[in-house]
Amino acid sequence: MGYFFPVFVFDQSIDLRWTQLCFALLFLSFLYLGCQFIIKKQKKLIRIRWPLLDILPSLLYNIHEVHEWTVKFSNLVNGTVVVRGAIFGSSKLLYTCDPRNIEHMAKTKFYNYQKGSDFFDTFDLIGNGIFNVECDQWRAQRKLAHTRFTSRTFRSTVASVTHAIVQDALLPLLSHVAKHEQVVDLEDVMLRFSYDSIFRLVFGGKSNTPSIEFPENELAKAIDDGTEAIFFRNIMPSQWWKLLRWLKLGKEKKSIEAGKTIDKYLYQYISSKRDEMNQGVEANDLLASYIMTSNKNPSISKFLPSLDDKFLRDTALTFLFAGRDTTGTSLTWFFWLVSKSPRLEQKILEELKEVLALKYTHGDMGIDEEKSSLKVFNSEELKDLVYLHAALCESMRLYPPLPINRRIAVNDDVLPNGTFVKQGTRILMSYYAMARMKWVWGEDCHEFKPERWIDENGKLSSEPLTKFFSFNGGPRNCIGQEMAFTQMKSVVASVLCNFEIKLLEGHVVQPKPSLILHTKYGLKVRVKERVSLL
Ligand code: HEM
């Protein structure tokens with residue numbers, strides 16, 4: 001996750017002292033007023049780099065559309081630059097959207113590019129979950145998680161949970177919306193789907209979030225509040241948010257409340273799960289599998305001395321955090337792109353027609369499905385669909401759920417494009433900007449074009465993967481990638497096969513300046529039942 005105002009991030013070793021805080025506040029206030037003055041003078045701030053202040057005025061002015069700003073900036077600096085200027089002090093910042101550099105940091109020199117202690121502070125809500133630890137502790141947790149995410153049991157649970165939510169909650173919800181000719185925020189619906197999925201996989205029970213009542217969910221809301229505070233921590237000096245936290249103000253106040261709510265629910269779920277397991281109730285959710293491991297072997301490794309309740313809380317929260325907004329927003333952008341392109345929608349439907357035809361020919365359409373007349377696909381039927389897979393990759397290329405990522409250099413290094421990186425340099429990588437660079441993806445880089453993922457033999461091409469980092473890459477790649485594809489394919493196929501999605505006329509869809517790439521105003525659509533595909 002990127003801190004978009006990296007220039008403000010001061011040395012973490014400095015104590016939280018009042019004098020420094022006052023100086024920081026004064027300094028930033030002057031800076032802000034100075035920038036506002038320049039902006040007013042200029043009316044339109046065309047210039048991106050300034051003497052002394054470098055990118056700061058432009059960045060401040062464009063913070064409401066920060067991702068588009070990274071595109072302009074990347075074009076100006078040809079993809080990579082070390083940002084300087086008087087205000088940057090000794091803390092260097094390297095910005096890049098060059099896939100060669102990103103691959104080098106994620107794979108070749110993985111151990112030289114870590115998350116760093118700022119990262120831990122910023123994401124302290126998730127404690128010592130896998131997302132937030134490094135070196136030996138990360139390796140030990142990665143091994144534990146990897147064993148689970150690649151097991152046959154987990155894969156089949158993902159498939160059955162997804163099928164159940166699509167069939168029993170998502171399609172009935174959209175059907176209701178269609179019958180009542182309502183306008184619905186499809187982003188909200190997709191986030192409700194992805195929350196329920198990850199919730200069931202982690203805890204075993206239902207969250208009931210995707211339903212026609214659109215119920216509020218206290219835990220989901222607390223995670224939203226916590227994530228929002230994390231975003232603001234990324235864009236302000238660490239002293240500022242630490243002061244706000246101490247004073248219990250603003251987003252930090254909300255985040256403290258959110259932390260309490262999260263703890264209340266998670267410790268309660270953990271305790272209930274332990275009780276159920278002691279009574280011999282069988283479970284195949286992630287929480288149960290971690291508890292089982294710790295019962296069998298209380299000390300997993302010297303880097304993971306105990307899988308106690310705090311560890312289980314951090315791990316469960318990390319999975320909720322990592323698996324909800326990412327999948328939910330990916331689906332949102334996908335439906336938006338497809339709703340704007342009837343030709344591409346038709347190509348996806350052509351592929352689905354073949355699957356449906358096979359279903360009927362072999363007579364394995366479930367009785368329930370026939371009765372309800374809503375068609376639901378299972379993951380086996382969809383796993384080899386080339387165009388659907390290509391369209392999902394293309395949508396995540398243009399709208400990567402994690403638009404900006406960050407690292408810190410452990411030792412001096414030289415990047416593939418020749419840039420020297422000094423030890424301690426903070427690094428920002430924009431995947432959003434990378435997708436919009438002509439020198440990376442070609443003249444048509446702005447177009448939604450699934451064909452770029454398909455080779456001349458009609459198979460998925462591996463070439464684009466060398467510049468696709470929406471799931472990161474290397475040893476620290478996304479552990480939920482396969483799961484995400486299973487879920488997304490099932491949702492897309494079932495929704496498109498049963499419904500036509502029409503964007504509400506005049507509704508503007510733009511990226512929100514947020515940690516995960518949400519839309520600014522939601523995705524307002526009307527839904528119409530589709531006349532049978534066959
Ligand atoms: C479209 C959906 C998804 C996208 C685009 C995505 C993307 C990513 C990215 C970019 C990272 C690397 C973050 C970093 O460098 O700090 C990551 C890590 C991770 N993701 Fe996903 N993710 C998705 C879905 C999921 C799901 C469904 C899960 C399931 C729980 C999941 C679990 C994780 C975990 C645990 C990590 C940390 C891995 C590690 O540090 O070793 N993700 N994901």
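Analyst: Happy to. Let's begin with β4 and β10, which pair in the antiparallel sense over three bridges. Pairing here asks for at least two DSSP bridges between two strands. The names come from DSSP runs numbered from the N terminus: helices are H or I runs of at least four residues, and strands are E runs of at least two. The model is a predicted one, in which local features need pLDDT of at least 70 and side-chain atom pairs count only at pLDDT 80 or more, while totals for chains, interfaces and linings use all residues. Residues are numbered from 1 along each chain as its sequence is written, and side-chain values use heavy atoms, with hydrogens and water left out.

Put together, the three strands form an open, antiparallel sheet in the order β4-β10-β9. Its edge strands, β4 (183–185) and β9 (499–503), each pair on one side only. Neighbouring strands of the sheet are turned by 45° against each other on average, direction ignored.

Two helices go with this sheet. Helix α8 (residues 186–203) packs on it and touches β4, β9 and β10, with its direction at about 50° to that of β4. Contact means heavy atoms within 4.5 Å. Angles run from 0 to 180 degrees between N-to-C directions, with axes as lines fitted to C-alpha atoms, for helices over the stretch in contact. Helix α21 (residues 481–498) lies across β9 and β10 and runs at about 90° to β9.

The loop between α20 (438–441) and α21 holds Cys 478. The SG atom of Cys 478, at 2.3 Å, is the only protein donor of the iron atom of the ligand. Donors are N, O and S atoms within 2.8 Å of the metal (3.2 Å for Na, K and Ca), and sites may look incomplete because water is not among the atoms.

Now to the helix pairs. Helix α6 (residues 135–149) and helix α13 (residues 309–323) pack at about 55°, with axes 13 Å apart. That angle makes α6 oblique to α13; under 35 degrees counts as roughly parallel, over 145 as roughly antiparallel, 65 to 115 as roughly perpendicular, and the rest as oblique. Their crossing is right-handed, meaning the near helix is turned clockwise from the far one by less than a right angle, anticlockwise being left-handed. Gln 141, Leu 144, Ala 145 and Phe 149 of α6 meet Phe 311, Thr 315 and Phe 319 of α13. By class, the contact of α6 with α13 has five nonpolar residues, two polar and no charged. Ala, Val, Leu, Ile, Met, Phe, Trp, Tyr, Cys and Pro count as nonpolar, Asp, Glu, Lys and Arg as charged, and the others, Gly among them, as polar.

Helices α10 (residues 238–247) and α11 (residues 250–278) pack at about 60°, with their axes 8 Å apart. They are therefore oblique to each other, and α10 passes α11 in a right-handed crossing. Trp 241, Leu 244 and Arg 245 of α10 make the contact with Glu 252, Ser 255 and Ile 256 of α11.
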